[in-house]
Amino acid sequence: MGSSAIRLIFQHQSCFDDKIVISIPDGRNPYVYLRNWIKGELRRKLEEYLSEYSSLMNVRFNRFFIKAHKSKWGSCSARKNLNFNIKLAALPEELVKYVVVHELTHLIERKHNRYFWLKVSRFCPDYNEKEKMLAKYWFVVHSNKLWLKLLEK
Ligand SMILES: [Zn+2]
């Protein structure tokens, strides 16, 4: 396991040069185990951000799920369920928060129109910059060997 990959995952926890050692129970697939562990960490983080921003923005969602999306960081269904990409675990906190704000905004406006971006900008004025960073991170995560291995079924 490359330490750069671990750094990538945990940089938001300021463990830049530390290795995090996770013991895998006997007979378990280490990648499946690590993926579930990462998912749990991300779930806790999302719960925190979602409760913070949904009350700030005065919106209500139904449930949220963490999935391994092939082409997006998150989505919002017509039933007001939110979906988040497990790869968000590799991103800095500010970007995860931005994705949370973005998806919560879809609860009031489904399209990426002017009204949508106006709403987003109230809670994230530099959303343009965040979108650019997300595009860069998409490439970074998808060229990371550990992540590619983690996402294999
Ligand atoms: Zn969107």
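User: How do helix 2 and helix 3 sit, and at what angle do they cross?
Analyst: In this predicted model, the axes of helix 2 (residues 30-57) and helix 3 (residues 93-105) come within 10 Å and cross at roughly 50 degrees. Axes here are lines fitted to C-alpha atoms, for helices over the stretch in contact, and angles run from 0 to 180 degrees between N-to-C directions. That angle makes helix 2 oblique to helix 3; under 35 degrees would count as roughly parallel, over 145 as roughly antiparallel, 65 to 115 as roughly perpendicular, and the rest is oblique.

User: Which residues make the contact?
Analyst: From helix 2 they include Leu-46, Tyr-49, Leu-50 and Tyr-53, and from helix 3 they include Val-96, Val-100 and Leu-104. Two residues are in contact if their C-beta atoms, placed from the backbone, lie within 7 Å.

User: And what classes are those, by number?
Analyst: The contact has 9 nonpolar, 1 polar and 2 charged residues. Ala, Val, Leu, Ile, Met, Phe, Trp, Tyr, Cys and Pro count as nonpolar, Asp, Glu, Lys and Arg as charged, and the others, Gly among them, as polar.

User: Before we move on, how are things numbered, and what are the ground rules?
Analyst: Residues are numbered from 1 along each chain as its sequence is written. As this is a predicted model, local features need pLDDT of at least 70 and side-chain atom pairs count only at pLDDT 80 or more, while totals for chains, interfaces and linings use all residues.

User: Zooming out, how many helices and strands are there?
Analyst: The protein has 6 helices and 3 strands, in the pattern α-α-β-β-β-α-α-α-α along the sequence. Helices (H or I, at least four residues) and strands (E, at least two) are DSSP runs, numbered from the N terminus.

User: What order do the strands take in the sheet?
Analyst: The order is 1-3-2, in an open sheet with mixed pairing. Strand 1 (64-67) and strand 2 (74-76) are the edge strands, each pairing on one side only; two strands pair if DSSP finds at least two bridges between them.

User: How many bridges join strand 1 to strand 3?
Analyst: There are 4, and strand 1 and strand 3 (residues 82-85) run parallel. Among the partners, Phe-65 bridges to Asn-83 in strand 3.

User: Which strands does helix 2 touch?
Analyst: Helix 2 packs on the sheet, touching strand 1 and strand 3, with its direction at about 145 degrees to that of strand 1. Helix 3 also packs on the sheet, touching strand 2 and strand 3, and its direction makes about 20 degrees with that of strand 2.
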